[in-house]
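Here are my notes on the model you sent over. Have the structure open while you read, and work through the points in order.

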Amino acid sequence: SQLHAFLHALPKCEHHLHLEGCLSPTLLFALSAKNNIPIPSDPSYASIATLTERYNNFSNLNDFLAFYYRALDVVVSVDDFEMLGWEYFTIANRDGVKHAEVFFDPQSHTSRGVSLETVVSGFDRACKRAEKELGITSKLIMCFLRHLPVQEARVTMDEAVKGGYFDGEESVISALGLDSSEVGFRPEIFQEMYVEAEKRGIRRTAHAGEEGDPTYISGALDGLHAERIDHGIRLIEDADLMDRVIKEGIMLTVCPLSNVCLQVVQHVGQLPIRKFLEAGVKFSLNSDDPAYFGGYILNNYCAVQDAFDLSIAEWKTIVENSIQGSWCDQARKDELL
Ligand code: HPA
Ligand code: ZN
């Protein structure tokens with residue numbers, strides 16, 4: 001696309017990336033063979049090509065999530081989790097990512113009998129290796145699956161606390177998130193855990209306003225004291241709430257290719273990118289689940305440029321906001337600015 005080299009060179013921060021969403025059909029088949037765990041017999045899984053084709057035809061968030069959770073059966077050992085994390089960091093490095101705050105879904109593993117310790121150890125190894133070998137700094141964000149009973153989130157949080165992973169911003173898990181099926185699973189349900197996270201000095205974000213209406217966004221701000229909103233594109237439907245988000249400097253973590261793949265919009269040009277820029281809504285651009293949605297972060301930057309033909313000054317605003325909206329310390333921000 002136009003400005004491709006310029007976009008590639010920008011010092012990118014990623015804030016909306018599910019490590020489990022980096023499990024490509026190729027890696028799925030490789031781990032299935034390595035671990036001797038069968039691939040589902042459903043015809044979509046007949047080959048890497050048929051699975052890739054199916055991934056190009058999601059009808060909505062829940063249709064995608066069924067594939068996302070199912071693929072994880074082949075990921076079992078600490079090495080597997082490290083490999084999945086490393087898959088992300090190597091490609092992110094190629095795309096010019098300098099700092100990444102990445103999600104993981106412990107309940108999608110503990111429900112299969114994989115311990116929290118296995119998951120966290122593998123991902124943490126990948127993060128440490130990324131810093132050492134690639135110079136990419138990172139943070140882990142533990143997400144609750146909102147379609148599961150709140151009691152299971154409680155158990156997950158207690159386990160994270162007991163394991164010593166979850167006490168202040170400098171712990172192995174430095175932030176809390178909320179993901180999975182949105183409509184019908186309001187943010188406020190998880191208030192108790194978010195209040196506790198705030199007391200523990202843990203950062204807070206939540207998926208809201210992807211498929212859900214703007215009351216899911218206000219629910220995450222009021223009920224959870226979320227400091228960022230993941231997706232949040234339906235903010236454009238509520239002018240008063242948009243004014244509040246601008247005043248409070250809340251950053252949205254927007255995922256353009258994801259929104260097209262899950263049919264939240266029909267094409268990238270329908271996203272309120274230009275409206276957000278003009279109004280002063282801060283946002284970063286991110287890849288969400290790159291193995292499923294046709295591209296990592298640079299593809300998302302390029303898709304936005306192709307749709308909106310932004311100026312260099314506008315790109316500087318986006319990049320500066322994504323650095324300033326990161327949860328790294330000021331010294332790291334100054335290096336990136
Ligand atoms: N939305 C909700 N849950 C998710 C997503 C998403 O985009 N990706 C992985 N889990
Ligand atoms: Zn997401």
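The points below go from the sheet to its helices, then to the core and the ligand.

1. First, a caveat: this is a predicted model, so please read every angle and contact below as computed from predicted coordinates.

2. Start with the sheet. Eight strands make it up, it is open, and the order is β1-β2-β3-β4-β5-β6-β7-β8, with parallel pairing. The edges belong to β1 and β8 (283-285); each has a single partner strand, so one side of each has no neighbour in the sheet. From one strand to the next, the twist averages 25 degrees. As a reminder, strands of a sheet pair through backbone hydrogen bonds, either parallel or antiparallel.

3. Now look at β1 (residues 12-14), which runs parallel to β2 and is joined to it by three bridges.

4. Helix α10 (residues 214-224) touches β5 (203-208) and β6 (228-231), and its direction makes about 160 degrees with that of β5. Helix α14 (residues 297-308) touches β1, β2 and β8, with its direction at about 115 degrees to that of β8.

5. Is β2 mostly covered or mostly open? Strand β2 (residues 97-104) is mostly covered, with eight of its eight residues buried. On β3 (residues 137-145), β2 has a parallel partner, and six bridges hold the pairing. Within this pair, Val-102 sits opposite Leu-140 of β3.

6. Val-102 turns up again in the largest nonpolar core, which has 102 residues; Val-102, Phe-104 and Phe-123 have the most contacts inside it. Helix α5 (residues 78-94) gives this core its largest share, seven residues. Which residues does Phe-123 contact, leaving aside neighbours within four places in sequence? They are Leu-19, Phe-81, Gly-85, Phe-104 and Leu-140.

7. Strand β5 is another enclosed one. Six of its six residues are buried, so the rest of the structure largely encloses β5. In a regular strand the side chains alternate between the two faces of the sheet. Here, Arg-203, Thr-205 and His-207 point one way, while Arg-204, Ala-206 and Ala-208 point the other way; all are buried. I'd check both arginines on screen, as Arg-203 and Arg-204 are on that buried list. On the β4 side (residues 173-179), β5 pairs in the parallel sense over two bridges, and Leu-176 stands opposite Arg-204.

8. Back to α10 for its packing. Its buried residues are Pro-214, Tyr-216, Ile-217, Ser-218, Gly-219, Ala-220 and Leu-224. They pack against α9 (191-199), β5, β6 and α11 (239-248). Just after this helix, His-225 takes a positive phi of about 50 degrees.

9. Last, the ligand. Around ligand 1 you will find His-18, Gly-21, Leu-61, Tyr-68, Asp-179, Ser-180, His-207, Glu-210, Ser-258, Asp-288 and Asp-289. How does this shell divide by class? It has two nonpolar, five polar and four charged residues. His-207 in this shell is also one of the buried residues of β5.

Note on methods
Residues numbered from 1 in each chain as written. Chains lettered and ligands numbered in written order. Predicted model: local features only at pLDDT ≥ 70, side-chain atom pairs only at ≥ 80, totals over all residues. Buried ≥ 20, exposed ≤ 12 C-beta atoms within 10 Å, placed from the backbone. Helix = DSSP H or I, 4+ residues; strand = E, 2+ residues; numbered from the N terminus. Pairing = 2+ DSSP bridges. Near = placed C-beta within 6 Å. Nonpolar A, V, L, I, M, F, W, Y, C, P; charged D, E, K, R; others polar. Axes fitted to C-alpha atoms, helices over the stretch in contact; angles between N-to-C directions. Contact = placed C-beta atoms within 7 Å. Core = buried A, V, L, I, M, F, W, Y, C linked by C-beta atoms within 7 Å.
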